[in-house]
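This report goes through one structure step by step. Please look at the sequence and the 3D view before reading on.

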Protein chains: 2
Amino acid sequence: MPRAGLDPAAVVAAGAALADEVGPARLTMGLLAERVGVRTPSLYKHVHGLDDLNRRIAVLALNEAADAVGGAIQGYAGRDALAAAARAFRAFVVAHPGRYAATIGVEPSGPDDPLAAASKRLLSAFTAVLRGYEVPESDVDHALRTLRSLCHGFATLQSANGFQWSADIDDSFEWLIAFADRGLCAMCDRREGPVAGTSRSAAGSGAGRYLPRSAESDGGRCARS
Amino acid sequence: MPRAGLDPAAVVAAGAALADEVGPARLTMGLLAERVGVRTPSLYKHVHGLDDLNRRIAVLALNEAADAVGGAIQGYAGRDALAAAARAFRAFVVAHPGRYAATIGVEPSGPDDPLAAASKRLLSAFTAVLRGYEVPESDVDHALRTLRSLCHGFATLQSANGFQWSADIDDSFEWLIAFADRGLCAMCDRREGPVAGTSRSAAGSGAGRYLPRSAESDGGRCARS
DNA sequence: ACGGATGGCTAATGGGATTAGCTTGTAGCT
DNA sequence: AGCTACAAGCTAATCCCATTAGCCATCCGT
């Protein structure tokens, strides 16, 4: 009986992939064992049980999300960074619904729990976005929670099929980004008239709908760092 | 052996209460049976199984949430309505975390699923909030999804203990309300200078922090219906 | 080669969901 | 009042899944 060459990381990676495929509720030790080519009890040599597996998947997911968001905002600031972060986050959750779902409901057991560190990494990426807006120091925590709630809520509702109506979901998300930008930007001194509202750029099916006001169109709209 | 006088509604209500107490993950048929005073298999005379029970709890929760939000916004408009709706929603989720959690991940099976109707009722309440802002007809769906994402995200993150930092959660939520108000209001013609930002009213432990700008302080801030 | 640590296996336990089939209140009818 | 049919309970049994115990093979360094 040849060895399967497993280690905890491989088991967790396979578990995360499986969770993405079948949903976190149907992620079972037996199914995962079959997937990696061993019998069920053998998994316990690598993870301590289903709960432990879920925690580790959550850590993996948070780190991957942090990488995705952190990478996406490189070189951007202000609204561009906000849009990049939000899109990257949502893309990650939509691409990996199972592992992201594993992150909800897990609590770090202590201050040195890797879960806490992974969580902090993701938050840091969003904190970087806020630096492009004039958010007072005392409000950063609140803004962070708000931003996280917004992204988390949209992503989970979408991946749970919570949006049942006709309007295009991508359009809604771009609207959400503009909304968040207004909510953050309105804290700064504003030097322009009313926001143009909903005039769509009619760019067909491309990604740049809803005022893709990139660097060229925003000079001085909101003080940036 | 006397009859317990159960019916589906009683079972579901007890199940929802139990979910609030022990969490949806630990809601078990055996525990519920014990709670209502029958043996486990007897529950199957009233609900079709655990999945069915969860769906019914979700329907109950959505209807209760819709009632709470709908009732809270009576007589308010604009920012006051937004704040009332958001607070009522969060209060409901915090008071009934288990039954609200039952709503995530359930999909309506068809157009006549009571789940779809309950979902619509909750959405309607939020739609009423939007009527106080100048949201173009074409954007209502987007705004609705955004608002729902924001509330849902905050509520679920909080009830999952996803906020691990120091800042006060009630403060954060009031900040969130102000943020949403800015995001929605900035679509209207605006007749005033920059929003005052974060000056707190320092009202001690009361509920009216973060610019409790009620009817008296907002005349003409945003066109209301 | 050798010996411990490691990773895998079979067998067994226990809990929870669900079903089958029986029994008995109970409501409604005569 | 008595009969009947259905509704609501119950016991027993089954299946699936997580987890543990204890055994055996493999690998790696000596």
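What is the mean pLDDT of chain A, and what share of its residues reach 70 or more? The mean pLDDT (the predictor's confidence in each residue, from 0 to 100) of chain A is 85, and 80% of its residues reach 70 or more. Over residues 189-221 of chain A the pLDDT is below 50, and beyond near neighbours in sequence this stretch has 36 contacts in the model. Two residues are in contact if their C-beta atoms, placed from the backbone, lie within 7 Å. Where pLDDT is low, the predicted coordinates should not be read in detail.

This is a predicted model, in which local features need pLDDT of at least 70 and side-chain atom pairs count only at pLDDT 80 or more, while totals for chains, interfaces and linings use all residues. Residues are numbered from 1 along each chain as its sequence is written, and chains are lettered from A and ligands numbered from 1 in the order in which they are written.

**The chain fold**

Chain A has eight helices and zero strands. Helices (H or I, at least four residues) and strands (E, at least two) are DSSP runs, numbered from the N terminus. Of the 225 residues of chain A, 44% count as buried. A residue is buried if 20 or more other C-beta atoms lie within 10 Å of its own, exposed if 12 or fewer, and partly exposed in between, with C-beta atoms placed from the backbone. Among contacts in chain A between residues at least 6 apart in sequence, 71% join residues at least 24 apart.

In chain B, helix H4 (residues 78-95) has 18 residues and reaches 26 Å from its first C-alpha to its last, close to the 26 Å expected at 1.5 Å a residue. The expected span is 1.5 Å times one less than the number of residues. Because 14 of the 18 residues of H4(B) are buried, this helix is largely enclosed by the rest of the structure. B:Cys185 lies in helix H8 of chain B and is buried, with 24 other C-beta atoms within 10 Å.

**The two copies**

In chain B, 43 residues are in contact with 42 residues of chain A. Helices H6 (114-130), H7 (140-159) and H8 (169-185) of chain B each supply at least two residues of the side that touches chain A. The largest share of that side, twelve residues, comes from H7(B).

Chain B can be laid on chain A with an RMSD of 0.2 Å by a turn of 179° and a shift of 0.0 Å along the axis. The two copies are thus related as by a two-fold rotation axis. The superposition is by least squares on the C-alpha atoms of residues with pLDDT of at least 70 in both copies. B:Gly153 comes closest to the rotation axis of the residues of chain B, at 1.7 Å (C-alpha).

The elements that give two or more residues to the surface near DNA strand D are helix H2 (29-36) and helix H3 (50-72) of chain A.
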